[in-house]
Amino acid sequence: MQLSLTGKNVLVTGGASGIGLACARAFAAEGARVVALDRSVGSTDIHALPAIPAIHTVRADVTDEADLGAAVAEAVSHLGGLDVVVGCAGISGPVGTPLVETSAADIAAVLAVNVTGQLLLAKLTYPHLSDGGAIVLLASDSAFVSAPGMVPYCASKGAVVALTRALAVEFDRVRVNCVCPSIVDTPMARGDLGDAALDQADFPVQTADEVAGHVLYLASPPARAVNGQALLTDFGYSARSGFPA
Ligand SMILES: NC(=O)c1ccc[n+]([C@@H]2O[C@H](COP(=O)([O-])OP(=O)(O)OC[C@H]3O[C@@H](n4cnc5c(N)ncnc54)[C@H](O)[C@@H]3O)[C@@H](O)[C@H]2O)c1
């Protein structure tokens, strides 16, 4: 399939690590011009990225409106406009900690990055997006399913699904969709679960490159009829009935 992303101007948050880094590389490989934005605490320092000529890097915190606004302005100036915005910046917070032992500060931090950060990204980039452009946000299968010790993260990702649908209604010039993957092998997942859990996983694990493929499709002209959707990629686990048949 022709994704027709050549020459598109793309901004990716969380672009220094994991899924964001895979998206930045995948868009560049399709011939897009990419700005990767990150606060740069991931496994790959953002300054390592300019080795890829099509990827320009900018440092910003998505929870800080002034900081993010300046970075968006820099991206728009560098690219000459925006066609695609991808929101990958996110944190897992105190995964594994029961809610009754979780501080208000930890809850607020998860919501600030995962929810407010995506809202600010949409708010600040929409005026610069071309007609027919696309926003793709990283939610998670945690918007729909959970394990104990994930309440703030699940709440934040449920909010991303809801805000995606609301943005798709409010933003009439661009499409807005989100991707909801199950476990992806990234520094975030390895930090939360440990290397052994992923190296000897007895559950299906996606690669960041696979998720980037889903993001690129949703951002591409062939997906022009797809709007306000949450693409749940979980190997079908959430479709399974509790009935033991
Ligand atoms: N890894 C998984 O299993 C998985 C599954 C479903 C959804 N997701 C979501 O995918 C997205 C990417 O996750 P990942 O696994 O690649 O994680 P990651 O930790 O490898 O990368 C996340 C990046 O976001 C950046 N970031 C965090 N807070 C930021 C902020 N305030 N401002 C700017 N940048 C910030 C980090 O510096 C990091 O580079 C997240 O939203 C995550 O919730 C991950």
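1. A crossing of two helices is called right-handed if the near helix is turned clockwise from the far one by less than a right angle. In this predicted model, the crossing of H3 and H4 is right-handed. The residues that form this contact are, from H3, Ile 107, Val 110, Leu 111, Asn 114, Val 115, Gln 118, Leu 119 and Ala 122, and, from H4, Pro 152, Tyr 153, Ser 156, Lys 157, Ala 159, Val 160, Leu 163 and Leu 167. By class, 12 of them are nonpolar, three polar and one charged.

2. Helix H3 spans residues 104–125 and helix H4 residues 151–170; their axes come within 9 Å and cross at roughly 15°. Angles under 35 degrees count as roughly parallel, and H3 and H4 are therefore roughly parallel to each other.

3. Helix H3 also packs against H2: the two axes come within 10 Å and cross at roughly 45°, which makes H2 oblique to H3. This crossing of H2 and H3 is likewise right-handed. On the H2 side the contact involves Glu 65, Leu 68, Gly 69 and Val 72, and on the H3 side Gly 117, Leu 120, Leu 121, Lys 123, Leu 124 and Thr 125. Five of these residues are nonpolar, three polar and two charged.

4. The largest nonpolar core contains 36 residues, and Leu 11, Leu 37, Leu 68, Ile 135, Leu 137 and Phe 171 have the most contacts inside it. At least two residues of this core come from each of H2, H3, H4 and the strands E2 (33–38), E4 (82–87), E5 (129–138) and E6 (175–181).

5. A separate core of 28 residues lies apart from the largest one; Phe 27, Val 211, Ala 212 and Leu 216 are among its members.

Definitions and conventions
Residues are numbered from 1 along each chain as its sequence is written. This is a predicted model: local features need pLDDT of at least 70, side-chain atom pairs count only at pLDDT 80 or more; totals for chains, interfaces and linings use all residues. Side-chain values use heavy atoms; hydrogens and water are left out. Axes are lines fitted to C-alpha atoms, for helices over the stretch in contact, and angles run from 0 to 180 degrees between N-to-C directions. Helices (H or I, at least four residues) and strands (E, at least two) are DSSP runs, numbered from the N terminus. Angles under 35 degrees count as roughly parallel, over 145 as roughly antiparallel, 65 to 115 as roughly perpendicular and the rest as oblique. Contact means heavy atoms within 4.5 Å. Ala, Val, Leu, Ile, Met, Phe, Trp, Tyr, Cys and Pro count as nonpolar, Asp, Glu, Lys and Arg as charged, and the others, Gly among them, as polar. A nonpolar core is a set of buried Ala, Val, Leu, Ile, Met, Phe, Trp, Tyr and Cys residues joined through side-chain atoms within 4.5 Å. Buried means under 20% relative accessible area, exposed over 50%, partly exposed in between (1.4 Å probe, protein chains only).
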